[in-house]
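Me: I'm new to reading protein structures. Could you walk me through this one?

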Amino acid sequence: MREFEFIEWIRRQGRFDPEVVAIGPGDDCAVLTIGGEKLLITTDQVLDGVHFSLVEHGAEAAGRKSAARALSDIAAMAGVPVAMVATVAAPKGFSQADAEAIYHGLQTCGDEFGCPLVGGDLAAWGESPGPLQISVTILGKCDGIDPVLRSGAQVGNAICVTGKLGGAWATRRHLDFTPRIADARILARQFAISAMIDISDGLVGDLRHIADTSGVAAELDASAIPIHADAAGRKDSLEAALFDGEDYELLFTMPPDQTDRLIAAQPLDVKITRIGGIVEGIGMTLLRDGKREKLDSRGWEHET
Ligand SMILES: [Mg+2]
């Protein structure tokens with residue numbers, strides 16, 4: 001089963017009232033219209049053995065990561081988080097201290113963004129073996145900035161990214177990253193951002209979400225990709241930057257004249273890099289050493 005095919009299937013089942021559901025499944029957040037206000041809602045889960053290791057990283061780090069991932073989805077729409085609820089499925093023998101550590105992880109991360117934990121549910125696996133699982137749902141508001149969708153990229157737009165990519169699992173960066181809520185607000189307020197997503201699946205995987213939902217193709221310039229020092233030890237650090245994921249940087253598109261102004265201004269504490277452009281067609285290509293290579297979600301091959 002592929003996540004995006006499943007989301008498409010869900011979209012086909014849904015009969016959403018457009019008066020309430022402005023944006024349904026398939027973006028970083030859903031957008032609801034309630035009481036004349038646009039509200040954002042997103043949910044995300046982390047699993048022991050997939051998104052963290054309870055033995056290696058501990059319960060507090062797992063709690064923090066679960067909140068930060070959902071907050072990063074609010075950032076991807078340029079929203080402001082309001083409150084979160086969480087559910088925890090605890091493994092057999094889970095202690096009160098571990099449960100408190102998860103709470104501290106969730107709450108301290110939420111506190112950084114004025115997003116308190118206002119409810120939740122704790123269940124235990126009991127006799128049947130099951131891993132620690134934490135799910136976080138966050139409600140957000142728009143506060144004067146229209147939600148930036150994945151679907152707005154246009155032919156001729158530049159593709160930009162914040163920060164550096166790759167190797168997030170070589171260190172604790174996949175746990176300790178700061179969701180780019182304030183940065184996304186600055187970008188969306190000051191520039192005509194046409195589409196945005198946060199990098200969870202990997203640069204190529206997430207750029208594909210923008211390209212597919214926008215009905216365009218994307219070209220990346222290999223020499224422009226900002227490679228994180230965490231990926232430097234790898235045999236192919238470019239491959240790490242393209243495919244690793246969990247960088248939680250902002251990936252966005254915008255008109256070229258706006259991009260020139262943005263790259264010159266560098267209005268964030270973190271550097272913004274132009275890494276490619278939106279073109280007509282379907283799919284993604286990598287320009288490297290004067291050659292054009294076709295990118296899919298796990299690798300590349302020469303175009304003939
Ligand atoms: Mg996301």
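Reply: Happy to. This is a predicted model, in which local features need pLDDT of at least 70 and side-chain atom pairs count only at pLDDT 80 or more, while totals for chains, interfaces and linings use all residues. Residues are numbered from 1 along each chain as its sequence is written.

Me: Into which domains is the protein chain divided?

Reply: Domain bounds come from an automatic or database domain assignment. Here the chain has domain 1 (3–141) and domain 2 (158–302). Their C-alpha centres lie 24 Å apart.

Me: How many residues of domain 1 are in contact with domain 2?

Reply: Two residues are in contact if their C-beta atoms, placed from the backbone, lie within 7 Å. By that rule, 18 residues of domain 1 are in contact with 15 residues of domain 2. Helix 3 (residues 59–76) gives the largest share of domain 1's touching side, 11 residues. Helices (H or I, at least four residues) and strands (E, at least two) are DSSP runs, numbered from the N terminus.

Me: Which residues have the most contacts inside the largest nonpolar core?

Reply: A nonpolar core is a set of buried Ala, Val, Leu, Ile, Met, Phe, Trp, Tyr and Cys residues joined through C-beta atoms within 7 Å. Buried means that 20 or more other C-beta atoms lie within 10 Å of a residue's own, exposed means 12 or fewer, and partly exposed is in between, with C-beta atoms placed from the backbone. The largest core here has 76 residues, and Leu71, Ala184, Met196, Leu207 and Phe252 have the most contacts inside it. Helix 3 again gives the largest share, 10 residues.

Me: Where is Gly63, and is it buried or exposed?

Reply: Gly63 sits in helix 3. Gly63 is buried, because 30 other C-beta atoms lie within 10 Å. Leaving aside neighbours within four places in sequence, its contacts include Ala101, Tyr103 and Ile134.

Me: Which residues are buried in helix 6?

Reply: In helix 6 (residues 181–190), they are Ile181, Asp183, Ala184, Leu187 and Ala188. Seen down the helix axis, these fall within an arc of 160 degrees (taken from the directions from the axis to the C-beta atoms), so they line one face of the helix. They pack against several elements, including helix 3 and strand 8 (195–198). Ala184, for one, is in contact with Ala75, Ala76, Ala78, Met196 and Leu250, leaving aside its neighbours within four places in sequence.
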